[in-house]
Amino acid sequence: MPTNTSPCIRIEHVNKIFGKKQVLYDITLDIPSSKIIGILGPSGSGKTTLVKIIAGIDEPTDGDVYVLDEKMPKLSIMNKIGYMAQADALYGELTAIENLNFFASMYNLPREKKKQRINNVLGLVNLTDFSKTQVKHFSGGMKRRLSLAIALVHEPPILILDEPTVGIDPILRKSIWEELRRICESGTTIIVTTHVMDELEKCDMLGMIREGKLIAVGSPEDLKVRSSTSSIEEAFLYYGGASQ
Ligand SMILES: Nc1ncnc2c1ncn2[C@@H]1O[C@H](COP(=O)(O)OP(=O)(O)OP(=O)(O)O)[C@@H](O)[C@H]1O
């Protein structure tokens, strides 16, 4: 049972260099269990690089990441992480339900449970009516929704979502966030990168990244109070300036 006292994820002095380019600088961050953590920052600031390192898809140049007390990357832990990338990794020739079946099979869900979960997540992302449509006929938003369904299908204890609601309309976005909150309350730790301000307000904790540096961490309210600002956007500008 996750507790709120021991961090679910520990990021310790992580640096990442691609070739000659340093993308992350000495990132240290504890992420508590059963919370929604939003990572925000301008395009190219290093958000995707950081979440990929947490997910074990990439490795830091130096520094360490521990997930559930295990040093990453570790396969047994990677199986406990639902990862939704920015670019959709779907099979166009397969239908939505076949894609879900394929990914769900990687997690060895029992047959009945798998069926039930697939129906459940298809409903959540409003794709039940398109379950038998080949994904190559899907719009961008539909592909995003299916990718989200895939990340959710095996009910992982940790969910990492890289801009999950891009191209998704506000009504569906609202129901997706309600579902994320419900999932979080049942014990899942959720890390989400987003540019959408009202989504950031829904997070329990935010990490602000600018040019590869973590410039502020705290709850949305806390970050606003500490910077005497009334919006996350203003707070970001404040911490960005204060960090120079
Ligand atoms: N595999 C790679 N090789 C070289 N450079 C990379 C690689 N991956 C990312 N980068 C660079 O690292 C920087 C940070 O990229 P990253 O995708 O982490 O940013 P981001 O904050 O997620 O941006 P966005 O909001 O646009 O998705 C960028 O300058 C990018 O070009």
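This report covers the domains, core, ligand shell and backbone details of a predicted model.

## Overall layout

The chain is divided into two domains. Domain 1 comprises residues 1-80 + 156-244. Domain 2 comprises residues 87-155. The C-alpha centres of domain 1 and domain 2 lie 25 Å apart.

A UniProt annotation, from an unreviewed entry, reads "domain: ABC transporter" and covers residues 9-236.

## Where the domains meet

Domain 1 and domain 2 each give 11 residues to the contact. On the side of domain 1 that touches domain 2, two elements supply two or more residues: β7 (158-162) and α6 (170-185). Helix α6 makes the largest contribution to that side, with three residues.

## The nonpolar core

The largest nonpolar core has 66 residues. The residues with the most contacts inside this core are Ile54, Leu146, Ala149, Ile160, Ile190 and Ile191. Helix α5 (residues 140-152) provides the largest share, seven residues. The core draws on both domains: at least three residues come from domain 1 and at least three from domain 2. In soluble globular proteins, nonpolar side chains tend to be buried together.

Take Ile54 as one example from the core. Leaving aside residues up to four places away in sequence, Ile54 touches Ile9, Ile11, Val65, Val67, Ile160 and Ile191. Two of these partners, Ile160 and Ile191, are also listed among the core residues with the most contacts.

## The ligand shell

Which residues surround the ligand? The shell includes a run from Ser43 through Gly44, Ser45, Gly46, Lys47 and Thr48 to Thr49. Phe18, Lys21, Val23, Gly41 and Gln86 complete the shell.

β2 (21-31) and α1 (47-55) each supply at least two shell residues. Helix α1 gives the most, with three. By type, the shell holds eight polar residues, two charged and two nonpolar.

Helix α1 spans residues 47-55. That range also takes in Ile54, one of the core residues with the most contacts.

## Backbone details

The peptide bond from Met72 to Pro73 is cis, with omega near 0°. Pro73 sits in the loop between β5 (70-71) and α2 (75-78).

His13 is in strand β1 (residues 9-18). Leu68 is in the loop between β4 (62-67) and β5. Are these residues buried or exposed? His13 counts as exposed because it has 12 C-beta neighbours inside 10 Å, and the cut-off for exposed is 12 or fewer. Leu68 has 20 other C-beta atoms within 10 Å, so Leu68 is buried. The cut-off for buried is 20 or more.

Conventions: Residues numbered from 1 in each chain as written. Predicted model: local features only at pLDDT ≥ 70, side-chain atom pairs only at ≥ 80, totals over all residues. Near = placed C-beta within 6 Å. Helix = DSSP H or I, 4+ residues; strand = E, 2+ residues; numbered from the N terminus. Nonpolar A, V, L, I, M, F, W, Y, C, P; charged D, E, K, R; others polar. Core = buried A, V, L, I, M, F, W, Y, C linked by C-beta atoms within 7 Å. Domains from an automatic or database assignment. Contact = placed C-beta atoms within 7 Å. UniProt positions renumbered as here; feature names shortened; annotations may be inferred.
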